Protein chains: 2
Amino acid sequence: MASRTYAVATSSPMPILPPGLEKRGPGREVERGMNGNGDARFDVLGIGNAIVDVLAQVTEDFLARHGLVKGAMRLIDEVEAHDLYQALGPTIEVSGGSAANTIAGVASFGARAAFIGKVRDDELGEIFAHDIRSVGVHFETPPATEGPTTARCLVLVTPDGERTMNTWLGASQNLSPDDVDEDLVKDSRITYLEGYLFDPPHAKKAFRKAARVAREAGRKVALTLSDSFCVDRHREDFLELIRNQVDILFANEAEIRALYQVSNFNDAMHAVQEDCPLAVLTRSAAGSVIVEGGDDVHVIEAFPVRKVVDATGAGDLFAAGFLAGHTQGRPVAECARMGALAAGEIIQQMGARAIRPFHEVARENGF
Amino acid sequence: MASRTYAVATSSPMPILPPGLEKRGPGREVERGMNGNGDARFDVLGIGNAIVDVLAQVTEDFLARHGLVKGAMRLIDEVEAHDLYQALGPTIEVSGGSAANTIAGVASFGARAAFIGKVRDDELGEIFAHDIRSVGVHFETPPATEGPTTARCLVLVTPDGERTMNTWLGASQNLSPDDVDEDLVKDSRITYLEGYLFDPPHAKKAFRKAARVAREAGRKVALTLSDSFCVDRHREDFLELIRNQVDILFANEAEIRALYQVSNFNDAMHAVQEDCPLAVLTRSAAGSVIVEGGDDVHVIEAFPVRKVVDATGAGDLFAAGFLAGHTQGRPVAECARMGALAAGEIIQQMGARAIRPFHEVARENGF
């Protein structure tokens with residue numbers, strides 16, 4: 001499951017680094033962003049729904065017939081999940097989950113990463129656990145031994161590469177505060193939370209506990225708004241959280257406008273400047289805008305891609321690249337370029353988990 | 001799981017139909033191949049292992065470290081399946097199984113298709129059943145309610161697109177003669193059997209029953225040799241079957257050479273001319289050779305492809321295209337071109353189940 005989508009318009013190659021900003025080796029100085037905190041065991045801990053994506057190609061007609069809003073995520077119950085699945089053609093199963101995709105990406109960039117999320121002790125749960133551990137992520141949340149099966153998201157990919165998501169939360173909704181290992185949160189420089197967790201009541205409590213523990217330990221809290229409809233469902237809670245506990249906010253244009261209920265991106269950008277020390281705002285083909293310290297605004301271009309195969313995970317992987325750069329102490333503009341790189345890479349393949357390690361992709365692109 | 005691999009060398013487009021052989025509309029005459037038998041409910045019934053493929057990208061080094069023979073299929077037990085899986089990076093799950101891939105392809109070309117194979121009543125079993133039914137295949141083999149889980153094949157894809165398969169047969173090995181519905185066999189114009197079924201003893205009995213029932217009902221029997229190591233394991237049984245019960249034989253170069261224990265393709269071709277009325281021999285980049293009626297030999301070029309992404313299913317889909325054409329009454333050379341088209345299409349995507357319906361691909365290519 002992905003949180004955001006980027007259609008990338010630029011078709012000719014562009015330099016990744018602006019003139020004057022040379023490539024630096026491993027011995028580079030930490031300038032800004034993360035510093036100190038070298039005592040932490042993990043760079044980034046993600047907490048989110050643990051989901052396996054079920055991808056199918058559909059026509060625009062199929063979306064219309066089923067009354068689905070293209071590009072959005074909606075929650076469905078088990079019966080609807082079954083019925084919709086039966087209506088689909090052949091599928092591909094790939095591990096997903098918004099924060100899980102981000103964390104797998106962070107690890108793939110070479111950062112030390114951990115994840116908390118709830119699967120069941122079934123086959124899809126095993127697949128989820130395997131895939132996230134296989135890129136080096138620490139994942140030890142005990143699977144549920146009863147109750148609903150591992151969550152799945154029916155991801156409908158239209159010929160334009162856009163994805164429309166239908167999520168049956170399954171075991172994921174039973175993530176509880178007990179699953180949030182306090183020591184793990186304290187031992188992570190950034191705790192990254194997905195907004196989708198606000199949907200299931202137990203998970204929301206787990207979310208709040210994690211944010212509190214992280215703040216009390218002097219760690220950073222990052223949040224992704226996940227989806228504009230999710231923002232509509234939980235606007236006041238999100239605003240309160242952002243104003244009091246969030247150090248880094250990730251949102252796309254639709255989400256940040258939904259948060260502040262404004263029709264104009266600039267108005268939303270000015271509003272978030274008041275509320276959060278670092279906001280990473282993504283704008284599909286128009287690239288991204290980073291609002292830092294209430295003053296600095298950086299506008300970063302989208303990364304050129306040949307063809308959007310499947311937009312699933314674009315937003316999640318933008319966050320991954322950004323966070324990976326941030327934990328390396330890079331300036332925010334450079335972090336955003338790493339995010340754009342990762343997003344551009346993931347939309348050229350099926351699914352939201354990178355087939356090729358990002359540290360290789362980054363190296364090839366001069367990071 | 002795929003039976004064979006085609007590396008396709010031709011890089012420039014080539015005409016599908018040779019000069020003089022015009023494209024014909026739906027009202028075309030049935031000339032050769034299948035005729036009569038209009039009473040049958042199904043064009044092709046496939047019987048094979050019911051497997052979910054677990055695809056992972058690996059390096060050449062990984063194969064060497066694990067002592068794996070590139071391009072081959074080997075059977076592994078549950079413990080080894082677990083250990084090898086743990087050593088893999090992120091995976092993609094897609095329905096597979098050699099005959100199952102073929103039958104899904106046959107249906108995707110628009111033919112009436114059915115499949116017999118054994119899954120368990122678990123999540124991967126549901127995925128397998130969904131995917132094969134979703135392209136219109138009749139699949140009603142009751143899933144096992146106890147015993148091993150649904151079979152899986154760890155498909156290791158190297159950067160050259162070649163695949164190396166490691167199969168844990170799971171529930172598949174419990175396919176029994178009782179699962180072979182005699183009425184279904186009698187009601188199918190062709191019964192297509194995969195050689196891999198000779199490995200599990202129960203399945204071998206099911207295989208023999210299906211061949212016998214089909215022959216007694218005056219239907220055709222088709223066989224794919226599956227893998228050269230599989231041929232080595234069951235050579236005498238295969239030869240006896242081919243000489244007495246097989247109407248259409250599918251094999252790649254390594255398999256047909258293994259069958260006759262000859263080092264030269266031509267020798268193998270001459271040997272099979274004596275043994276089988278119609279042999280479809282595939283030769284990777286060198287295309288295919290169809291030996292018909294003991295006399296006619298047709299040499300067909302491979303279909304040009306841009307890049308081999310994953311060779312999984314190439315042989316299976318060649319058989320699908322050939323069988324689909326054959327049930328439409330097309331001349332064998334045209335059937336082989338349909339096979340080449342399907343094989344060329346499948347190696348340009350991950351997994352052995354076509355994302356796009358083959359009847360569309362066929363139409364676009366003048367069939």
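**Salt bridges, sheet and chain contact**

Tutor: At 10% relative accessibility, B:Glu123 counts as buried. The model is a predicted one.

Student: With which residue does the side chain of B:Glu123 meet in a salt bridge?

Tutor: B:Glu123 belongs to helix H4 (residues 123-134) of chain B, and its pair crosses between chains to strand E7 (residues 151-157) of chain A. The distance from N to O in this salt bridge is 2.8 Å. The partner is A:Arg152.

Student: Which residue of chain A meets B:Arg152 in a salt bridge?

Tutor: Between chain A and chain B the count is 2 salt bridges. In the one that involves B:Arg152, N and O are 2.8 Å apart. The residue of chain A is A:Glu123.

Student: How much area do chain A and chain B bury between them?

Tutor: The size of an interface is often given as the accessible area lost when the parts come together. Here the contact takes 23 residues from chain A and 23 residues from chain B. Of the area buried, 58% is on carbon and sulfur atoms, and the value is about 2100 Å².

Student: Which residues of chain A lose the most area to chain B?

Tutor: Three residues together account for 30% of what the side of chain A buries. They are A:Glu93, A:Glu123 and A:His130.

Student: How many residue pairs are in polar contact between chain A and chain B, and which element gives the largest share of the side of chain A?

Tutor: The count between the chains is 12 residue pairs in polar contact, both residues being at pLDDT 80 or more. Helix H2 (78-87), strand E4 (92-95) and helix H4 (123-133) of chain A each supply at least two residues of the side that touches chain B. The largest share, 6 residues, comes from H4(A).

Student: Is strand E1 of chain B largely enclosed or open to the outside?

Tutor: A residue counts as buried under 20% relative accessible area. In strand E1 (residues 42-47) of chain B, 6 of the 6 residues are buried. The strand is therefore largely enclosed by the rest of the structure.

Student: Which residue in E10(B) is the bridge partner of B:Tyr192?

Tutor: E9(B) and strand E10 (residues 220-224) of chain B run parallel and are joined by 5 bridges. In E10(B), the partner of B:Tyr192 is B:Ala222.

Student: Which are the edge strands of the open sheet in chain B?

Tutor: The sheet has 9 strands in the order E6-E5-E1-E9-E10-E11-E12-E13-E14, with mixed pairing. An edge strand here pairs on one side only. The edge strands are strand E6 (138-139) and strand E14 (296-300) of chain B.

Student: How many residues apart in sequence are the parts that A:Arg215 and A:Asp247 tie together?

Tutor: A:Arg215 forms a salt bridge with A:Asp247, with the closest N and O atoms 3.1 Å apart. A:Arg215 counts as partly exposed at 34% relative accessibility, whereas A:Asp247 counts as buried at 16%. A:Arg215 lies in helix H6 (residues 201-216) and A:Asp247 in the loop between helix H8 (235-245) and strand E11 (248-252) of chain A, so the pair ties together parts that are apart in sequence by 32 residues.

Student: Which residue forms a salt bridge with A:Glu345?

Tutor: A:Glu345 is partly exposed, with a relative accessible area of 22%. The closest N and O atoms of its salt bridge are 3.8 Å apart. The partner is A:Arg356.

Notes:
Residues numbered from 1 in each chain as written. Chains lettered and ligands numbered in written order. Predicted model: local features only at pLDDT ≥ 70, side-chain atom pairs only at ≥ 80, totals over all residues. Heavy atoms only, no water. Buried < 20%, exposed > 50% of the residue type's maximum accessible area, 1.4 Å probe, protein only. Helix = DSSP H or I, 4+ residues; strand = E, 2+ residues; numbered from the N terminus. Contact = heavy atoms within 4.5 Å. Buried area = accessible area lost by both parts, 1.4 Å probe. Salt bridge = Lys/Arg side-chain N within 4 Å of Asp/Glu carboxyl O. Polar contact = N/O pair within 3.5 Å; in protein donor to acceptor, adjacent residues only side chain to side chain. Pairing = 2+ DSSP bridges.
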